[in-house]
Amino acid sequence: SGICIGHSPAILVACCLALFLSTCLTYNWTVTLYAPYPEVQARSINDIAYVQQNFKDRVHPVWNILIADSPDTEKQVSELLVGKEQEVYSIPFSRHELEQKPNANFIYDRLDKYIRGRDLFAFQSGLQSDRFFFGRERLVESIVGTVQNAQNFGLFGLRRIGKTSVLFAVKRYLDKLGGYKTIHIDCQLADFYLMRWNSLIKWICEQISLGSEFPLSNDFSQQGKVLHQVVENSQEKILLLFDEVEKISFDISPSKHWNEDFLHFWNTIRAVHQMSKGKLTFGVSGVNPYIFNTPLVAGHDNPILFGGSPLYLWPLEENHTRDMVRTIARYMGLQFSEEVYEWLFKQYGGHPYLIRKACSLVYEKAKKSTGDTVTLDEFTSREKWLDHKLGGDIIKILVVLIQHYPEEFEHLQSLAEGEQE
């Protein structure tokens with residue numbers, strides 16, 4: 001079935017398309033949008049995404065059909081989305097194409113071109129919707145409860161294990177609750193870690209009070225007064241999320257000025273948190289909670305010693321591994337043999353990025369298409385090849401431990417070798 005938005009003779013054909021697509025991908029409903037404009041506009045794609053997000057339990061959450069008057073609909077959709085990592089995908093048709101009553105081969109080829117050509121396992125960045133979010137719901141609810149109690153938190157775990165996705169999920173949760181303004185700060189971006197402490201405080205002020213300009217001061221007391229006033233004037237509570245916080249921390253930041261700036265910055269944030277009685281709270285994510293555990297920084301008291309509740313992001317459990325792989329495969333019109341899920345869980349220890357990457361590699365190598373089944377043999381017969389392809393990713397995951405937390409890396413190595421103590 002199709003939820004069709006718009007009116008045109010082409011819509012009848014479009015609804016038939018939606019019915020066919022829903023059957024292929026085992027969903028009851030597929031959203032179809034007719035945009036009666038000479039050029040495809042970004043708002044049309046945004047409208048579809050809005051419907052899919054808000055009716056995700058009823059419609060296919062990933063695929064949709066987009067029809068436009070432009071004869072270059074395919075090209076224009078492609079140009080609008082270039083360089084963007086998507087979580088919703090449009091299969092484009094021009095109205096003219098559908099009014100010509102295309103045959104079944106034309107329709108099938110267009111659907112196959114877009115569905116088979118999209119590898120939904122191949123996500124690289126943090127997930128910004130619930131469509132691909134699995135196994136962390138209780139943790140998100142726990143963090144939201146911490147924030148509602150005006151407490152700060154830290155989220156720690158291996159690289160690429162899903163910390164950014166959890167932070168985005170917390171933001172979505174609070175956005176739905178209302179009453180919170182959540183500001184995500186990706187500290188691994190040079191724009192942030194190259195800033196001095198007072199410039200970052202100024203930037204935060206400008207994000208809270210959009211459109212306003214604020215003075216820059218080297219006096220952390222003065223800069224704190226400005227931030228406190230901005231927070232007090234806000235109609236909403238403020239949550240600051242510092243992702244990859246090591247990049248603005250002492251000893252580890254690629255910018256050496258954070259050895260000194262760490263104290264000024266966090267003294268300011270802590271002071272405003274206390275003065276505002278929790279109207280401003282913060283969360284950090286990183287590999288290790290050392291910024292909460294180190295008593296002295298450059299010979300001075302650490303302003304955020306025990307400054308937040310440390311939470312640890314563990315690998316996925318086996319049932320969540322199955323949910324993730326099975327659901328993404330279903331979005332692609334694929335099936336996985338049941339024994340694949342157990343193998344993936346044991347082989348990659350529940351690490352979601354490595355599991356998705358392994359599925360992506362096998363999907364591409366085996367040239368699977370809609371309706372196919374992926375068997376265990378297609379993984380086990382390529383085990384050495386997968387180890388080679390994923391070796392670089394595993395090194396990237398471990399390199400932070402090797403470089404900055406050698407003791408923790410030794411413990412991890414001992415566990416991997418079967419030592420129990």
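The model is predicted, so I took local features only at pLDDT of at least 70 and side-chain atom pairs only at pLDDT 80 or more, while totals for chains, interfaces and linings use all residues. Residues are numbered from 1 along each chain, and side-chain values use heavy atoms, without hydrogens and water.

**Arg136**

I looked up Arg136 and found it in the loop between helix H5 (104-115) and helix H6 (137-148). Helices are DSSP runs (H or I, at least four residues), and strands are E runs of at least two. Is Arg136 buried or exposed? Arg136 is buried (under 20% relative accessible area, 1.4 Å probe, protein chains only). I found no salt bridge for Arg136 (a side-chain nitrogen of Lys or Arg within 4 Å of a carboxyl oxygen of Asp or Glu). The nearest side chain of opposite charge, Glu137, is 7.9 Å away. The Arg136 side chain does reach the backbone oxygen of Trp314, at 2.5 Å.

**Aromatic pairs**

I counted 19 aromatic pairs (ring centres of Phe, Tyr and the six-membered ring of Trp within 6.5 Å; planes under 30 degrees apart are stacked, over 60 edge-to-face, the rest tilted). Phe250 and Tyr290 pair edge-to-face, with centres 5.1 Å apart and planes at 65°. Phe250 lies in the loop between strand E7 (237-243) and helix H11 (258-275) and Tyr290 in helix H12, so the pair ties together parts 40 residues apart in sequence. Both Phe250 and Tyr290 are buried.

Next I checked Phe262 and Trp266, a tilted pair at 6.4 Å and 50°. They are 4 residues apart in helix H11, about one helical turn.

Key
Buried means under 20% relative accessible area, exposed over 50%, partly exposed in between (1.4 Å probe, protein chains only). Lys and Arg count as positive and Asp and Glu as negative; His and the chain ends are not counted. A polar contact is a pair of N or O atoms within 3.5 Å; within protein, one must be able to donate a hydrogen and the other to accept it, and residues adjacent in sequence count only if both atoms are side-chain atoms.
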